[in-house]
Amino acid sequence: MKKVFEFDFRGRKLIVEHGELAKQASGAVLIRYGDTVILSTAVVSKNVNVLADFFPLMVLYQEKLYSVGKIPGGFIKREGRPTDNATLAARMIDRPMRPLFPEDFKNEVQIVNTVLSVDQDNSPEMAAMFGSSLATCISPIPFGGPIAGVKVGRVNGEFVINPTMEQLEVSDIDLTVAGTKEAINMVEAGAKEASEEDMLDALMFGHEAIKELITFQEEIIQAVGVPKMEYEKLEITDELKSEVRAMATDEINRALRIKDKLESYAALDAIKNQVVEKYTVENENLKPEQLQELITKVKVVLEDIQYEIFRQIVVKEKTRADGRAMNEIRPLSTDIDLLPRTHGSALFTRGQTQSLSIVTLGALGEHQILDGLSIEDEKRFMLHYNFPQFSVGETGRYGAPGRREIGHGALGERALAQVIPDEDTFPYTIRVVSEILESNGSSSQASICAGCMALMAAGVPIKAPVAGIAMGLITDGDDYTILTDIQGMEDHLGDMDFKVAGTRNGICALQMDIKIKGITKQILQEALAQAKEARMKILDVIQAQIAEPRKELSPYAPKTMTFMIDPEKIKDVIGKGGEMITKIILESSNVKTVTDANAVKVDLEDDGRVIIYHSNQEVIDKTAARIQEIVREVEPDVIYKGKVVKVEDFGCFVELWPGCEGLVHVSQLAAERVENPSDIVKVGDEILVKSMGYDKRGRLNLSRKEAIK
């Protein structure tokens, strides 16, 4: 039976429908937020593998282009692989939900959000997060929610919940925050150099709105929720725990204190393998499935020992594996101009994390085309992040970028986008690629630092240098320690990964993921303050390498010229079927095809802007001169030198410049009567003519007779 629940959320209707759609799912709700409509479903598998070493959770955000009245591009005309936005939306929902499932729950769970209708002013991502939490909470799936999320903007100094597109245009903060009723557990933000204090206020403002959404969910759960399922768990006896602890605790303790990452990991692997091998040999009489279960239990105990000792070392002893202070950054080194033929390159190394970033500049017409639900259909600044397996000394899959690569690239792009000049100031498409060559914690922030230096080395006039740092949190009961510049082990065994990027003036991007139920305002405040201190130190190192953007572009980068023409003249520059612009490109560049790498690029904008790109300034000047000749206006009563291009019985046609022709009527060829125009002029002759205005059909009239008086 269909039930409908309504809530007035900050002046907008939020409607939940239950009991009519997708009734065979474990939990399903239809969310209506304004004209945005999302179907959120949660399904749990009946089969379970309690021996699995991970929780098989899949969160999908399925964009349907019919939701915004679009037909997919390409030949197939149906939705294909997820867009980057869909991937980021799915990750944004996964991150606050995943930590709230029981640690020993191993049944596969799939949460699917189908985007049915999109009203751009009412965020489909936030509606999907709300629906994902609610569909899971009313189902038999064990879950420690509900959670909810909101977007926070700041317009004219005032915070706004879930800002409209118009408000976002003028907002200096674009924050997404999610959490439970008690605490925040996920943050994603971009900002125009917001202060730490303002960002903290925005986070707390968002959390108050989250509490309202969770109260609404609790009412629905009370009305339609079902009891939670019993699930199979991996039972480990106290006897086995004691045996393994006695055997491995001291060895793991020593291994965790080794400073070098690879040596520490190798020592830990050796200890675990030794213990596993001992139990394997001693119990080889067991059936294969029984032996596998025993070994899995041993591995779980070993992981628990490592987790507990690590916390003891950091929180109680206040020491780190590599000997650093809690607020100390690993050794930093920088370099630029490593690659001679690229438009800009830089290397940033922080401890055992290293990013090589490369900048490429292209014409505005080379922007990325977006085929998604957003009203934005193109972008001129991109940051792409690549994480090869060799960066961590391993073999693995190579292929299309995964969720991690897309997410890290988006974070770096968001941080640097705040300082990228607009296209009027710098009319280029800009691509940054971060190649991670070595990784031991926070390669996304290394990408921001290397990308910033590469942009400055390429001569991109960024507004200010940007640096990023990753903060960690280790808790032990009520005690906690905040770590600056976390390593891989501190990330893996810690409770928080809190990344902050910004300039000397403020924050440009923020991302937080936590593995516990939430963190308090005090912890956030301390982490932001500690991150600011670290950011300033990194900026000192970056600016010691390159203080500001170069004034000149690389000799291999396309140079540019921009000027305005009458928009009505654009069709004349293009010519019939593109004939004129093709001719200009071929002749100015001295190439045979417009696709030649050496061909000049010409962007003609609707407002009359002409932007010309080429590495050779002479080619740009020649192209500009040709275009300016075409759009040049004929002034009345002015004498011009022109070339005869055609002779007819009624007169001759004279070209004043390429694309501009006029008629000299036979009566205007000479002072005396002319019977045959060919007696006076021939094709190729250069003659003086005077402009006599345009006739009713827009044709230019010229006079030789008036010019030679």
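Mentor: Let's start with a term we will need: a residue is buried when its relative accessible area is under 20%, exposed when over 50%, and partly exposed in between. Keep in mind that this is a predicted model.

Trainee: Happy to. Which residues of α8 are buried?

Mentor: The buried residues there are E405, I406, G407, H408, G409, A410, L411, G412, E413, A415 and L416. That makes eleven of the 15 residues in α8, and the helix is mostly covered.

Trainee: How far apart are the end C-alpha atoms of helix α8?

Mentor: They are 21 Å apart.

Trainee: Now the nonpolar core. Which residues touch the most other members of the largest one?

Mentor: First the general idea: in soluble globular proteins, nonpolar side chains tend to be buried together. Here the largest nonpolar core holds 130 residues, and I430 and F498 touch the most other members. Helix α4, residues 196-224, supplies the largest share of this core, with eleven residues. Apart from this core lies another one of 31 residues, including A255, L256, I305 and I313.

Trainee: What does F498 touch, not counting residues up to four places away in sequence?

Mentor: The contacts of F498 are I469, A470, M471, L510, Q511, M512, L524, A527 and L528.

Trainee: How many salt bridges does a search of the whole structure find?

Mentor: Again, the idea first: side chains of opposite charge can pair when their charged atoms come close. The search finds 41 salt bridges. One of them joins D198 and R154, with the closest N and O atoms 2.8 Å apart. D198 sits in helix α4 and R154 in strand β7, 44 residues apart.

Trainee: Which side chain does E196 meet in a salt bridge?

Mentor: E196 meets R535, at 3.2 Å from N to O. This pair links helix α4 to helix α11, across 339 residues of the chain. Both E196 and R535 are buried.

Note on methods:
Residues are numbered from 1 along each chain as its sequence is written. This is a predicted model: local features need pLDDT of at least 70, side-chain atom pairs count only at pLDDT 80 or more; totals for chains, interfaces and linings use all residues. Side-chain values use heavy atoms; hydrogens and water are left out. A nonpolar core is a set of buried Ala, Val, Leu, Ile, Met, Phe, Trp, Tyr and Cys residues joined through side-chain atoms within 4.5 Å. Buried means under 20% relative accessible area, exposed over 50%, partly exposed in between (1.4 Å probe, protein chains only). Helices (H or I, at least four residues) and strands (E, at least two) are DSSP runs, numbered from the N terminus. Contact means heavy atoms within 4.5 Å. The expected span of a helix is 1.5 Å times one less than its number of residues. A salt bridge is a side-chain nitrogen of Lys or Arg within 4 Å of a carboxyl oxygen of Asp or Glu.
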